[in-house]
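This report looks at the pockets of one model and at a sheet within it. Please keep the sequence and the structure in view while reading.

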Amino acid sequence: MILIVANIQKQMDNLIDIAKEAVDAIDKRVKQDAKDKFGKEVAMGADGTPTLYIDKIAEDVAMEIIGKEANVLSEEIGFIDNGKEYTFVLDPIDGTRNAVHGIPFYAISIAIGKRDVRGVEYGIVKNVPTGDIYEAFKGEGAYLNGRKIEVSRDFSDIIYVLVLGESGNEKTWKLVNFYTIRAMGAAALEMCLVASGAAHAYFMPQESLRVTDFAAGCLIVREAGGEVYNANGEVLNVPFDLRVRSSVLAVADKNIMEALL
C-alpha cells in the first residue's frame, strides 16, 4: 500500500514539474515575440472562437513539452486523448484581449486532474507581465510566489471584481452603484485575486466560461479558504468538456455569495 501511494505521488510530482516547465516556456516564448503579431487570427479554435497568434504559439509550446505524458484539454485544439489517467486543462493565454491591446494583465493557466473540476489536484496560474505565480496543491494550500495565501476575512473595505459589458447582467450593473468595483478581463487571474485576499469576489454571471478558464483558479481559491459557485448558488463543478459553459462566482466567504445572488 505504501509503495502504491509513493508511486502515485511520484507520478503527480512529475506532472507538476511538466506543468511548471510548460508555464516557463510559454512565458519565455511570448515575451520573445513581437506584440504587434498577437492579435492576428490564425485558425478556428475547438471552442468555436478564432485562435489568435498569441494563443497558438503558447499552445504549441505547451504541447511540445507535455507530449504524451498526459491527456490535454485546451481551448484551441480541444481534447487530446493520450490514454493517460490525468488530463492537463490548459488555457495557454488567459486574457488574450488584454495581451493584444497591451494591457499588462494576462496569464497562463494549467490544472491537472482526472475528470472534473472537483477532481483537480494541482493548479498554476502565472501573470505573464508581472511574473507572479499562483499555485495550489489539493489538501495542501494555495501559494503566491511560494508563500502561502488566504482569502481576506477583513470586510471593512470590500472589493468586487465583476464582469460587465455584454457579459454582465442587470445584477452586476446594479452592484456598481454600491461597491468598489474592478473589471480586469482575465478570469483565472481575477479568481487568484480573491485567493490572495486582494479582492473579495469575482463574478461572471453569464453561462459563458469554459473549464479551461477556471479549473486552476477554482482549486487555488478553494485551497486559500474560499469557495466557487455558479450563478445559481451551487458549488461549481463541471466535467473536462469544452462544450460545457458555466457562470462563475468565486468568493472569500459564503455570505458574500448570498449577498451577490
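## Terms and basis

On a 1 Å grid over the protein atoms alone, a pocket is an open set of points where a 1.4 Å probe fits, with protein on both sides within 12 Å along at least five of seven lines, and its lining residues have an atom within 4 Å of a point. The model is predicted, so local features need pLDDT of at least 70 and side-chain atom pairs count only at pLDDT 80 or more, while totals for chains, interfaces and linings use all residues. Residues are numbered from 1 along each chain as its sequence is written, and side-chain values use heavy atoms, with hydrogens and water left out.

## Second largest pocket

Ten residues line the second largest pocket, and Q9, M12, E121, K138 and E140 lie nearest its centre. Helix α1 (residues 2-32) supplies the largest share of this lining, five residues, where helices (H or I, at least four residues) and strands (E, at least two) are DSSP runs numbered from the N terminus.

## Largest pocket

The largest pocket is lined by 33 residues, with G95, T96, R97, G185 and R210 nearest its centre. Helix α3 contributes the most to this lining, with five residues, and β13 (201-209) is among the elements that each supply at least two.

## The sheet

An open sheet of five strands, in the order β12-β11-β13-β15-β14, has mixed pairing, two strands being paired if DSSP finds at least two bridges between them. Its edge strands are β12 (180-182) and β14 (227-229), each of which pairs on one side only. Strand β13 pairs with β15 (residues 246-251) in the antiparallel sense over five bridges, and F203 stands opposite L249 in β15.
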